[in-house]
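Please look over the sequence and the 3D structure below. Then read on for a short tour of a few residues.

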Amino acid sequence: MKKTQSFKQYFLALAKGNLVSQILMILGVPLLAGLYSPADFGILAVYSTVLAMGLVVSAFTFEKTIPIEEDRHASENLIYLSLFSVFISTGSGALVLTLIHTIVSIPHYYILLAALSGCWLAGSFQVMVQAQVRRENFSLIAKCKVTQNVIILIGQVMFFTLLDGYGLIVGDLLGRIVSVVLISRQLTFASFDRAVLMSRLGKYKSFALYSSAAVLLNSASIQLPLLSASVLYGEAAGGSYLLSYKVVGVPVTLVALAYSQVYYGTVSRQLAEGKSRETVVLFTKTIRKFFFWSIGPLAVIVWIGPIVMKWVLGEEWTDAATVIQLLAPLFLMQITALPVSQTLYLLQKQTSQLAWEAARLIGIITIWWGGSWFGFTIFETISTYAWFGALSYFCFLLICRKHLGGAKQNKGSTSWVDAVY
């Protein structure tokens, strides 16, 4: 009973913070839509796509090992390894980008450079979040995320008069700087131990290799539609898609991701203690709850969304309202699967995760670029993509359940981490 209460307490701590973030985001949409044009949001879409794809592999997924490492001293040294990986990956990317730009002019060079800067900040923040997940300090995580969103909104409004469309990017960077400073002040670092760090590097190198490939494909699957909309159908179409995702996609996934962080910490402990049956029960209850809880709110959004957006944002954003309706099946299955999206990593089934991610990415590329080739309208392509995405998430849940059925670790046996490595 106590553990159940702790789980709910941790989830509510994150959910409350994410709820405030959702409210701020929704209230900020009409303001930002009035200041910036769809083309400006198209520029933000390019920045966001590069940042998101770089973020997931910035630490080579070593940050995921921080909560699951059993030895506390080794876990704290994994923070050093993860932060160093973020610095090397983003710094190398910026250096290579600059060298290429001196030889051949790269379109949107400064936007890409800003995205790599954002990736460094977001990657560092992500590492520190995982350190706080291990400490079960979820209230701090929530506070940092709320502060980040407040500063981003203020910055994007404040810098509009100075930088026009680029104010969206500068505001985002400002919010990330503040969040990194805030969370780092609450983090205590252990003494650096080179021997321990090198031993854990050898222990988790296979985990990092497969996980990095999988999360990169996952990010590509999420960001590719946004980038494809801008490239294949114009920046205005990309801006409409981005706004639709910010209005519905981001808010509905924030709660799911908050639950996912608590789920990750809880399941890692359950598996370490050999309580695989409890994990199966938690997995099943989670997907049922999120599926049925999401149907009502999404139905309301699909029904009144176009009316509200047309009234609040104006005729210029009518296409964004249509996009929201078309993406409803994807949003439903996405919010159902996201809370348990770390299951295969926790079970050390990175190859299954990688195979699923690869198959999904191939399908998305085929739909978007094939649709453009055959002359599909933007709405026809989005509709096809939404139903395919919903089906792919359903298949993901089936794969997770299958592997959970094979996890029969008993308490007192060999550690699940050591058994794999």
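The model is predicted: local features need pLDDT of at least 70, side-chain atom pairs count only at pLDDT 80 or more, and totals for chains, interfaces and linings use all residues. Residues are numbered from 1 along each chain as its sequence is written, and side-chain values use heavy atoms, with hydrogens and water left out.

**Cysteines**

How many disulfides does a search of the whole structure find? The search finds zero. A disulfide here is a pair of cysteine sulfur atoms within 2.5 Å. Take Cys144: the closest cysteine sulfur belongs to Cys119, 19 Å away, so the gap is too far for a bond. Cys400 is in no disulfide either; its nearest cysteine sulfur, in Cys395, lies 11 Å away.

Buried means under 20% relative accessible area, exposed over 50%, and partly exposed in between (1.4 Å probe, protein chains only). The table applies these classes.

| Residue | Relative accessible area | Class |
|---|---|---|
| Cys144 | 0% | buried |
| Cys400 | 0% | buried |
| Glu357 | 0% | buried |
| Phe60 | 35% | partly exposed |
| His108 | 39% | partly exposed |

**A nonpolar patch**

Val300, Trp303, Ile304, Ile307, Val308, Trp311 and Val312 make a nonpolar surface patch of about 790 Å². Patch residues have over 30% relative accessible area and no salt bridge; like charges are joined within 9 Å, and nonpolar side chains (Val, Leu, Ile, Met, Phe, Trp, Tyr) within 5 Å. A salt bridge is a side-chain nitrogen of Lys or Arg within 4 Å of a carboxyl oxygen of Asp or Glu. Areas come from the Shrake-Rupley method with a 1.4 Å probe. Val308 is partly exposed, at 40%. Val308 sits in helix α11 (residues 276-313). Helices (H or I, at least four residues) are DSSP runs, numbered from the N terminus.

**Glu357**

Glu357 lies in helix α15 (residues 350-373). Which side chains does the side chain of Glu357 meet in polar contacts? One is Asn218, at 3.1 Å. Another is Gln353, at 2.9 Å. A polar contact is a pair of N or O atoms within 3.5 Å, one able to donate a hydrogen and the other to accept it. Beyond neighbours within four places in sequence, Glu357 is in contact (heavy atoms within 4.5 Å) with Ala214, Leu217, Asn218 and Ser221.

**Two positive phi values**

Phe60 is not a glycine, yet its phi is positive, about 55°. Phe60 is in the loop between α2 (38-55) and α3 (65-68). His108 also has a positive phi, near 60°. His108 is in the loop between α4 (72-103) and α5 (109-134).
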